[in-house]
Amino acid sequence: MTRMMTTSELRGYQQICGDNGLMMVVACDQRGGMRKVLADTPDAQAAIDEAALGVVKSGIVRHLANKASCVLLDAVCAVPAVVDQGILARDTGLLIGLDASGWDTDRNSYRISKLVPGVTARRVRELGGTGAKLMVYLRPDRPEANEVNIGIIRDCIADFAAEDLLLVVEILTYQLEGESDEAYREAFPGLIVESARISLELGSKVLKLPYPGTAEACARITALCRDVPWAVLSAGVDHETFIGQVETAMQNGASGVIAGRALWKDCISLDPKIHEDRLENIASDRLKQIQDVLNRHADKG
């Protein structure tokens, strides 16, 4: 199952990792999710256009992500502006998100992932990207739910291999219509483990995964991955919860963190003064705490 990176991919991977060799990526490629953080009502959210989101994301880069090893941004409202305007630090890697906001559904209400039109591996390179991130939804226990999304993974892996550019594959799962909260919670660790298995079988070389719920599930993912690094994402949980999840994931073989809302969800604002103050004084402290956890595990390694 080992997926050896090419020289180019390995160089890209090194550039999204810190000096400790672990990923510390600040994710702010969200659009719909970020609008929900910035405004309470659907009308107010709809009034936040792409230009306004771009300003918010530039602030996250300037006051938070430049202190990390890498930032994950979208090519809809953030890139190329952060590069062209000199906002992104020269030593901070850049992953560009391929996925569009939201999802479609098929006739069985299974989620179908969407991509931003025109953002190919070649376009990522043109935008100055160190690599890219692809997010798709899977329900491994329902094979009929995954055909289109598996095709998306396969096609993107092939596109990035042809361009010899790093691709991080993110897998999310979801609750089915009629599935109880209890049943979904019980199934969740296995769904993430099996999603990792599917991604690896398709040729993924770096994975971004939700915390799978238990230390055992983290260890199972690591055993499946072998030499393939995987990062844990925050899924919008509060910072204190996420720190515990990072600790458990790192104890069980994870290779770092790709985190967004747990860092900045209560720190961003359309008011630039509030935005800057909270990112510099609250979100940046959270980032340091995560970096301290990573450094501790790097030292053990």
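So, where in the chain is aspartate 29? Aspartate 29 belongs to the loop that runs between strand E1 (23–27) and helix H2 (32–38). Before I go on, keep in mind that this is a predicted model.

Okay, is aspartate 29 buried or exposed? It's buried, because its relative accessible area is 5%, and the cut-off for buried is under 20%. Its side chain makes a polar contact of 2.9 Å with the side chain of lysine 133. If you leave out neighbours within four places in sequence, the residues in contact with aspartate 29 are Lys57, Leu72, Leu73, Asp74, Gly97, Asp99 and Lys133.

Now let's look at helix H1, residues 7–16. Which residues are buried there? Those are Glu9, Gly12, Tyr13 and Ile16. They sit on the same side of H1, because they cover an arc of only 100 degrees around the axis. And what covers them? Among the elements doing that are E1, strand E2 (70–74), strand E3 (93–97) and strand E7 (166–172).

On to the nonpolar core. The largest one has 85 residues, and the members touching the most others are Ile60, Trp230 and Trp264. Helix H8, residues 181–201, gives the most to this core, with eight residues. There's also a second, separate core of 14 residues, including Ile16, Ala27, Val168 and Ile258.

Last topic: aromatic rings. How many aromatic pairs does the structure hold? Three. One of them is tyrosine 137 with tyrosine 174, an edge-to-face pair at 6.0 Å centre to centre, with 85 degrees between the planes. This pair links distant parts of the chain, since tyrosine 137 is in strand E6 (residues 131–137) and tyrosine 174 is in the loop between E7 and H8, 37 residues apart. Both of these tyrosines are buried.

Tyrosine 184 and phenylalanine 188 are edge-to-face too, because their planes are at 75 degrees, with the centres 5.8 Å apart. These two residues are four apart in helix H8, so about one helical turn separates them.

One more thing to find on the screen. Ring pairs join Trp103, Tyr137 and Tyr174 into a cluster. The charged end of arginine 111 sits over the ring of tryptophan 103, 3.6 Å from its centre, and also over the ring of tyrosine 137, 5.0 Å from its centre.

Definitions and conventions
Residues numbered from 1 in each chain as written. Predicted model: local features only at pLDDT ≥ 70, side-chain atom pairs only at ≥ 80, totals over all residues. Heavy atoms only, no water. Core = buried A, V, L, I, M, F, W, Y, C linked by side-chain atoms within 4.5 Å. Buried < 20%, exposed > 50% of the residue type's maximum accessible area, 1.4 Å probe, protein only. Polar contact = N/O pair within 3.5 Å; in protein donor to acceptor, adjacent residues only side chain to side chain. Contact = heavy atoms within 4.5 Å. Arc of directions from axis to C-beta. Phe/Tyr/Trp six-rings, centres within 6.5 Å; stacked < 30°, edge-to-face > 60°. Lys NZ or Arg CZ within 6 Å of the ring centre and 35° of its normal.
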